[in-house]
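Please look at the sequence and the structure together before reading on. The paragraphs that follow lead through a few selected places in turn.

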Amino acid sequence: MDMVVILLGLAILLILTLKKVPVVYAAAISVIFIALFSRLPVVSTMTSDYMTGFSNFVKSSWLMLLLGAILSKVMDVTGAARSIASFIIGKLGVKFAIPAIVIAGGLLTYGGVSAMVSCFALYPITLAVFRKANLPRYLIPATIGAGIFTWVTMLPGNPQVQNIIPSSYLPTDAMAAPAVGIVCGVFTLVLILIYLTYEANKARKKEIGFEVDDNTIKILEKTDEMEAKGKLPNVILSILPIVCVAVVLNVFRQDISVALLSGIALCVILFFKNITGVQQILTDSVNSAAVTTINASAIVAIGSVVKISPGFSKMVDGILSFSTSGGNPLIIFGIATTLLCGLNASGMGGLSTALSVLAEPFMAMGVNPAIMHRIGVIASVGLDSLPHSGGIVAVLAISDVSYKDGYKYLFVVTVVITLLALALALVLGNIIYPLSA
């Protein structure tokens, strides 16, 4: 019953968000339900455990999200984002609008830019691309999410933390099991592009296109005028602020805040003639970052309550005890990891938990550490994208799309397709890396 309470609490969260109940209220109701039926003290759970999780996320993410929002806004106002979008549509055409965004997101992520910052960097470009291609806005979160949360994380050499964590538990590096990572990454990318293209074509047949509201008009009207007068910045120069962020972050090994400030500064220097309404830029950036941070914190903090509930301990014990049942160790490891990631609403948390318990005994059983590394990384990008994931909340909030309108497409690209990739990885892993004697 304790385990069912957690699942019901998360189901309540999903139902309420799909009914367009504000995320903060939906999260609070979910937490109260879990605490009440898990026999936890409701008031202290809300005021202590839940708010601790909430404040920890704010502390770790606020500055990064604020600077990311400023970079996004400056890229938009200066016309840099529109310049990139016009280049994509002009050179690749409407047909390749979605693949261009998905691949661009992957390149940002592989360049070391965090997923949430990538959301801010990609959104103004994606918005302009979708408008030019007359694509429905409800596909924007799935298109951005597909680029930053899925296929690229599976690739060897990826500098994201999920590809670094296994090396703390295994004698491996970021290039572990490269063939499996590349095959599964490409497999995931292809399925994602097929699916999103199918949804885009279906929308066209139903004559569903880009919807312009007052806020969108406000965002795009200045760059509309710049494009009409042929005054958009050069596309190569427009890309430089984003490249600057990746270089400062990865080559000079600076903090993400320093990298974002560098990108903002470069954008301002390159396109200072196009900047107007500085106060409005800063106000809009604060509002955007605040909404994203508060919504994500409200959801992520649910995990702090889930982890102290009796049901969580029972579920973890059940998963880990099953891992010693004598079945195929790679399959058991893959399933255990993805389930733990779902419970934690975190690829990092679930992967760390699974490896801390299973790495040594499974290596002792003859499992190759390289394939454990790659299977763990691939497994960590499946169920970590359930509705209570902070990344999912962020991409929906940044895109200004509700759960009801956008989550089902996100679910397909970040959960269904990535689980298929995990299944492929398990097959390949057992073929290429059989158990040693």
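In this predicted model, Phe 54 has a relative accessibility of 16% and therefore counts as buried, since the limit for that class is under 20%. Tyr 50 falls in the buried class as well, because its relative accessibility is 4%. Both residues belong to helix 3, which spans residues 42-77, and their spacing of 4 residues places them about one helical turn apart.

A pair of aromatic rings is described by the distance of the centres and the angle of the planes. By the rule applied here, there are 5 aromatic pairs. One of them joins Tyr 50 and Phe 54, with 6.4 Å from centre to centre and 55° between the planes, and this pair is classed as tilted.

How are the side chains of Tyr 403 and Tyr 407 arranged as an aromatic pair? Their rings are tilted, with 40° between the planes and 5.9 Å between the centres. The two residues lie in helix 20, residues 403-432, where a separation of 4 residues amounts to about one turn of the helix. Tyr 403 is buried, with a relative accessible area of 5%, and Tyr 407 counts as buried at 6% relative accessibility. Ring pairs also bring in Phe 411, so that a cluster of Tyr 403, Tyr 407 and Phe 411 results.

Attention now turns to the surface. A nonpolar patch there consists of Leu 237, Ile 239, Leu 240, Val 243, Val 247, Val 251 and Phe 252, which together have about 550 Å² of accessible area. Phe 252 is located in the loop between helix 11 and helix 12, the latter covering 256-270. Because its relative accessibility is 54%, Phe 252 counts as exposed.

A further loop holds Asn 234, between helix 10 (214-228) and helix 11 (235-250). Is Asn 234 buried, exposed or partly exposed? With a relative accessibility of 42%, Asn 234 counts as partly exposed, because that class covers the values between 20% and 50%. The side chain of Asn 234 also makes a contact with the backbone nitrogen of Ile 236, at 2.8 Å.

Conventions:
Residues numbered from 1 in each chain as written. Predicted model: local features only at pLDDT ≥ 70, side-chain atom pairs only at ≥ 80, totals over all residues. Heavy atoms only, no water. Buried < 20%, exposed > 50% of the residue type's maximum accessible area, 1.4 Å probe, protein only. Polar contact = N/O pair within 3.5 Å; in protein donor to acceptor, adjacent residues only side chain to side chain. Phe/Tyr/Trp six-rings, centres within 6.5 Å; stacked < 30°, edge-to-face > 60°. Patch = residues over 30% accessible without salt bridge, like charges linked within 9 Å, V, L, I, M, F, W, Y side chains within 5 Å. Areas by Shrake-Rupley, 256 points an atom, 1.4 Å probe, with all protein chains shown as cover. Salt bridge = Lys/Arg side-chain N within 4 Å of Asp/Glu carboxyl O.
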